[in-house]
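Hi,

Here is the structure I promised to pass on.

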Amino acid sequence: MKYLLIDTTTSHVVISIVEHNEILVKYEDDIMSDMSSKILPIIKDCFDKVNFTIKDLDKIFVVNGPGSFTGIRIGVAIAKTLAWSLKKDIIPISKLELMATTNTDKNYLVPMIDARRDNVFAGIYDNNLNSIKSDSLININELLDELDDNYELLSFDLLDIKNLKKPKLDILKIILKHQNDKPLNPHALKPNYLKLTQAEENIKKENND
Amino acid sequence: MSNLKDIYILGIESSCDETSVSIVKNGVDEIATAVLSQMDTHANFGGVVPEIASRMHIENFTIVIEECLNKANMTMDDITAIAVTYGPGLIGCLLVGVNVATTLSYIYNKPLVPVHHIIGHIYANNLVSKMEFPLIALVVSGGHTDLIYMEDNYKFKKIGGTLDDAVGECYDKVARVIDLPYPGGPLVDKLSSSGKDTYPLPLPLDDDTYNFSFSGIKSAVMNLVHNENQRGNEIRNADIACSFQNRIIEILTKKTMKALKEYNVKNLIIAGGVSANSGIRNKFKELCDKEGIKLTIPNIKYCTDNAAMVAAAGYFAYNKKIRAGLDLKADANANMF
């Protein structure tokens with residue numbers, strides 16, 4: 001089985017081609033600007049390094065959030081277009097779960113993405129990527145209050161937290177976990193922002209008052 | 001179904017609040033167009049919310065492409081090249097269309113043709129009647145007010161433009177002042193036909209240049225309403241709409257007709273969303289008939305944002321060998337000149 005994984009949800013970008021549970025090519029780097037114009041050339045470079053084409057893929061894994069709204073849409077736009085036009089299966093993946101593939105001695109992992117104003121996108125996972133607390137947008141102090149030494153705190157962002165570790169992504173682990181997920185119709189694939197737009201928040205607030 | 005000599009351009013447009021895909025043959029024959037308008041959604045917020053617009057584009061675009069291909073009874077293999085609006089527009093919205101277009105270009109190994117949104121509006125006219133050169137193009141929309149001299153296909157010389165607000169923006173702001181819901185521009189046009197030109201509004205930037213300025217007349221309307229309110233006078237919204245619209249029509253026609261004379265041009269095209277305005281259409285028709293000028297205005301459905309115009313412009317850009325790579329950048333402020 002030939003897989004492509006696309007993650008452009010944060011500045012820590014991953015593009016990888018996997019075949020028979022082996023990573024053939026992996027691009028993993030920080031892209032701080034002009035992400036939109038860089039991703040497709042990177043994907044092309046990746047396929048130039050393997051002996052098959054993008055049309056030979058069996059499945060596309062796309063990280064569809066949470067993260068930067070624009071970043072999420074770049075990956076989802078590319079993945080949806082690929083899956084729809086090549087009639088390939090598409091499977092959405094959480095960025096937080098991908099971060100939780102990091103190897104650790106602790107029982108639980110807490111991947112976090114900076115969402116500004118003391119908020120983070122975060123979830124809690126065990127070592128087998130089972131979700132203990134589902135991904136959500138949460139105040140960081142509220143989250144940390146519940147946690148003890150059994151929890152490995154993970155983030156690519158410079159959060160002001162003690163014992164924060166940088167995630168080390170294990171792409172095969174996430175793919176093995178999800179390769180038999182029921183694929184989505186590409187039309188139905190949506191970003192997972194975990195946050196309404198400001199305009200929608202305002203209307204919601206007005207309605208609640 | 002396709003003749004080898006025929007060129008089929010797939011156009012993709014997502015610069016604001018319409019997700020649109022179209023196939024145009026040889027730059028003039030619209031084969032099929034699919035549009036998903038978000039206008040009803042944004043009406044709830046009193047205007048286009050960029051983040052919501054971007055979110056709707058990403059959810060819907062594969063459906064819109066599929067609908068367009070199905071309507072045309074074609075597949076991507078029948079397409080010669082892919083044209084996409086790269087700017088100007090809302091950056092989050094443009095990024096969706098650009099990434100879809102570059103991905104399609106990569107998968108199917110088709111040339112990618114970047115199209116400037118305003119050039120698209122201009123070429124919408126080719127879907128009505130073949131453009132004859134030289135011509136003067138008046139571009140009037142929510143983001144633009146430009147007078148452009150075209151010597152030939154894809155040769156643009158700006159001879160004047162707005163110094164502040166675009167004319168469509170001014171319409172929407174005036175609409176708000178007289179309590180019309182979003183999108184108010186078309187409602188001002190409608191309301192003006194039942195009003196009289198009774199309010200003394202200034203003729204904006206009535207000088208010898210081809211430039212426009214609409215912030216003054218917008219302020220004049222706001223002050224007028226404010227002062228009448230203060231005095232406890234009844235405000236006749238239809239009369240305000242009529243007085244305002246007459247002044248706008250007068251300055252647009254005055255400068256455009258002068259440009260036609262000075263550049264000795266017999267062809268005028270009007271492009272952009274505001275070209276749907278009935279007052280503007282009618283006055284230009286009357287003046288052009290009198291002066292023996294050939295006037296082309298897109299059908300109402302081509303006045304607003306649509307991908308048919310992008311595909312139409314894309315044909316001429318394709319012939320001029322204008323190409324983009326997989327690293328095509330969306331540009332919110334893309335310059336046309």
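Predicted model: local features only at pLDDT ≥ 70, side-chain atom pairs only at ≥ 80, totals over all residues.

Let's begin with chain A. Where they touch, domain 1 of chain A puts in 14 residues and domain 2 of chain A puts in eleven residues. On the domain 1 side, helix H5(A) has the largest share, with three residues. That side of domain 1 is made up of five nonpolar, four polar and five charged residues.

Now find the sheet in chain A. It is an open sheet of five strands with mixed pairing, and the order is E3-E2-E1-E4-E5. The edge strands are E3 (22–30) and E5 (89–93) of chain A, and each of them pairs on one side only. On average, neighbouring strands of this sheet are turned by 15° against each other, direction ignored. As a reminder, strands of a sheet pair through backbone hydrogen bonds, either parallel or antiparallel. One pair to look at is strand E4 (residues 59–63) with E5(A): they pair in the parallel sense, over five bridges. Within that pair, Ile60(A) stands opposite Ile90(A).

Two helices of chain A lie across this sheet's strands. Helix H2 (residues 69–86) lies across E1 (2–7), E4 and E5 of chain A, and runs at about 165° to E4(A). Helix H5 (residues 171–178) lies across E1, E2 (12–19), E3, E4 and E5 of chain A, at about 65° to E2(A).

Next, the meeting of the chains. How many residues does each chain give to the contact? Chain B gives 26 residues and chain A gives 27 residues. On the chain B side, the elements giving two or more residues are helix H2 (50–72) and helix H3 (91–108) of chain B. H3(B) gives the most, with eleven residues. The chain B side divides into 16 nonpolar, six polar and four charged residues.

Last, the largest nonpolar core, which has 162 residues; Ile82(B), Ala83(B), Ala311(B), Ala312(B) and Ala313(B) touch the most other members. Helix H11 (residues 307–319) of chain B gives the most to this core, with eleven residues.

Key: Residues numbered from 1 in each chain as written. Chains lettered and ligands numbered in written order. Contact = placed C-beta atoms within 7 Å. Helix = DSSP H or I, 4+ residues; strand = E, 2+ residues; numbered from the N terminus. Nonpolar A, V, L, I, M, F, W, Y, C, P; charged D, E, K, R; others polar. Core = buried A, V, L, I, M, F, W, Y, C linked by C-beta atoms within 7 Å. Buried ≥ 20, exposed ≤ 12 C-beta atoms within 10 Å, placed from the backbone. Pairing = 2+ DSSP bridges. Axes fitted to C-alpha atoms, helices over the stretch in contact; angles between N-to-C directions.
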